[in-house]
Amino acid sequence: MVPEAGLEPARLLRTQDFESSASTIPPLGQKTGQRYEKSHIIKENKYLSLPIMDNSLADILKKYSSVFAIYDRNVEQYALEVASVAGIDGDRMMAIDAGERAKNMDTVLRICNWLLDAGADRKSIVLAIGGGTLTDTVGFAASIYKRGIAYANIPTTLLAMVDAGIGGKTGINFEDYKNMLGTFCQPEFTWVLPEALQTLPEKEFRSGSAELLKTFLIADAKNYKKAVEVLSGTPTIGKMAPLISAAAAIKETIVNDDPFEQGRRRVLNLGHTWGHAIEWWQSKQTPAGTLSHGEAVAIGIIQAARRSEAEGIAKKGLADRLIADFRACGLPTELPCSEEELCPAMTKDKKSADGQIQFVLIEKPGKVI
Ligand SMILES: NC(=O)c1ccc[n+]([C@@H]2O[C@H](COP(=O)([O-])OP(=O)(O)OC[C@H]3O[C@@H](n4cnc5c(N)ncnc54)[C@H](O)[C@@H]3O)[C@@H](O)[C@H]2O)c1
């Protein structure tokens with residue numbers, strides 16, 4: 001979908017500020033009750049660094065007729081913080097159960113009904129606060145409600161901070177297939193709250209790590225090495241923040257060059273043809289498999305590396321190197337089933353054309369084709 005006039009694409013730059021609070025930050029997972037001083041907003045070509053209780057967000061939101069927030073029930077604490085900063089009343093806040101199973105048309109219709117009842121108009125904005133399943137679903141609802149109203153992402157998972165929350169791909173799962181219905185509709189801005197990583201479960205953190213590594217494998221060999229170092233050691237929010245910033249900037253640059261995925265943007269799908277097929281396959285198992293989206297993508301990237309070697313695109317040894325790196329970062333690397341079992345989903349993948357599966361292959365870290 002072409003964005004409505006007046007909905008500018010989100011853009012970003014980096015900030016040195018991101019690193020400023022690094023030294024005082026404890027390892028992820030250690031809950032200290034300590035508050036971090038800064039949150040970060042990606043808007044109009046700059047990261048603005050905002051004190052959390054600052055009213056700058058309220059200022060930014062002044063141009064909209066009304067502000068609504070839809071949040072993942074699991075991140076209520078951050079939603080309340082945003083509401084307090086942005087001055088959003090309780091009756092304009094909607095909690096939903098997020099997650100892959102809720103990423104469907106029922107949830108979209110519930111959101112649209114609620115927006116209608118709550119009086120959202122063409123000049124309103126909806127803030128989507130949560131992980132990628134929430135931002136994808138809310139973005140989709142916003143993009144079709146009254147032919148599209150403004151929305152902004154406030155991602156709370158690592159995966160959404162570096163990937164799902166940026167780039168304007170919205171969507172839901174349909175008929176057992178991932179992201180089968182969706183639109184291209186850019187968020188007005190993406191506001192990253194690195195402090196939300198404090199409460200993120202380890203498995204979800206690892207899931208986001210895979211997308212972070214993917215982004216650097218695509219375009220930044222130096223940060224790929226740095227990210228492996230950080231993720232295989234003791235990641236802190238301070239160490240993660242510059243990596244999040246760099247990965248978000250790469251994604252944003254690629255998306256700005258090709259917002260509707262007609263060309264270069266498809267490199268962002270590295271590992272995803274296998275990844276989505278693995279997610280489809282495991283949903284058919286009893287009991288269903290437990291690999292997260294990022295974990296499935298990690299396995300998909302290894303498959304891409306193997307294929308790149310087999311086709312002579314990469315030098316021998318690439319797959320082994322990535323396997324060692326990914327394992328050190330706590331990511332899975334082996335397919336949970338045979339490749340044949342994944343075929344039905346791979347041919348239905350949105351990225352396939354004329355029945356041909358389109359793979360993104362790796363020449364070397366930092367370069368893909
Ligand atoms: N639009 C895009 O460009 C794009 C790109 C990549 C992935 N995606 C989509 O993103 C989805 C995956 O997103 P995800 O990994 O963020 O999953 P998610 O939204 O399901 O979140 C994972 C879990 O973490 C919880 N959670 C979220 N933030 C938390 C926090 N700060 N503290 C504690 N718990 C928290 C959630 O409630 C959920 O249980 C997939 O559906 C995928 O298709 C979209």
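Mentor: Start with G130, which stands opposite P155 in β6. One caution first. This is a predicted model: local features need pLDDT of at least 70, side-chain atom pairs count only at pLDDT 80 or more, and totals for chains, interfaces and linings use all residues. Residues are numbered from 1 along each chain as its sequence is written.

Trainee: What makes strands β5 and β6 a pair?

Mentor: Two strands pair if DSSP finds at least two bridges between them. β5 and strand β6 (residues 150–155) have six bridges, in the parallel sense. Strands themselves are DSSP runs of E, at least two residues; helices are runs of H or I, at least four; both are numbered from the N terminus.

Trainee: Why is β5 called largely enclosed?

Mentor: Because six of the six residues of β5 (residues 125–130) are buried. Buried takes 20 or more other C-beta atoms within 10 Å of the residue's own; exposed takes 12 or fewer; partly exposed lies in between; the C-beta atoms are placed from the backbone.

Trainee: Which residues cover each face of β5?

Mentor: I125, L127 and I129 are on one side, with V126, A128 and G130 on the other. Both sets are buried.

Trainee: What makes the unit of β5, α4 and β6 right-handed?

Mentor: The path. With the strands pointing away from the viewer, a right-handed crossover runs clockwise from the first strand over the helix to the second. β5, helix α4 (residues 132–144) and β6 are assigned that hand.

Trainee: Where does E261 lie, and what is its phi?

Mentor: E261 lies in the loop between α8 and α9. Its phi is near 55°, again positive in a residue other than glycine. E261 has 17 other C-beta atoms within 10 Å, so it is partly exposed.

Trainee: Which peptide bond is cis, and how do you know?

Mentor: The bond from T286 to P287, with omega near -10°. P287 lies in the loop between α9 (272–283) and α10.

Trainee: What does the span test give for α10?

Mentor: Agreement. The 18 residues of α10 (residues 293–310) should span 26 Å, and the end C-alpha atoms are 26 Å apart. Since 14 of the 18 residues are buried, α10 is largely enclosed by the rest of the structure. G312 follows α10, with a positive phi near 75°.

Trainee: What makes β7 and β8 a hairpin?

Mentor: They pair, and two residues lie between them. Strand β7 (residues 169–174) and strand β8 (residues 177–184) share five antiparallel bridges. I172 stands opposite L181 in β8. E175, in the turn, has a positive phi of about 50°.

Trainee: How many residues surround the ligand, and what puts a residue there?

Mentor: There are 30. A residue is near a molecule or strand if its C-beta atom, placed from the backbone, lies within 6 Å of it. The closest are N74, G131, G132, T157 and A164. The elements giving two or more residues to this shell are α4, α5 (158–164), β8 and α6 (202–219).

Trainee: Why is K367 called partly exposed?

Mentor: Because K367 has 14 C-beta neighbours inside 10 Å. K367 lies in strand β11 (residues 367–368). Its C-alpha atom is separated by 9.1 Å from that of F216, 151 residues apart along the chain.

Terms used. The expected span of a helix is 1.5 Å times one less than its number of residues.
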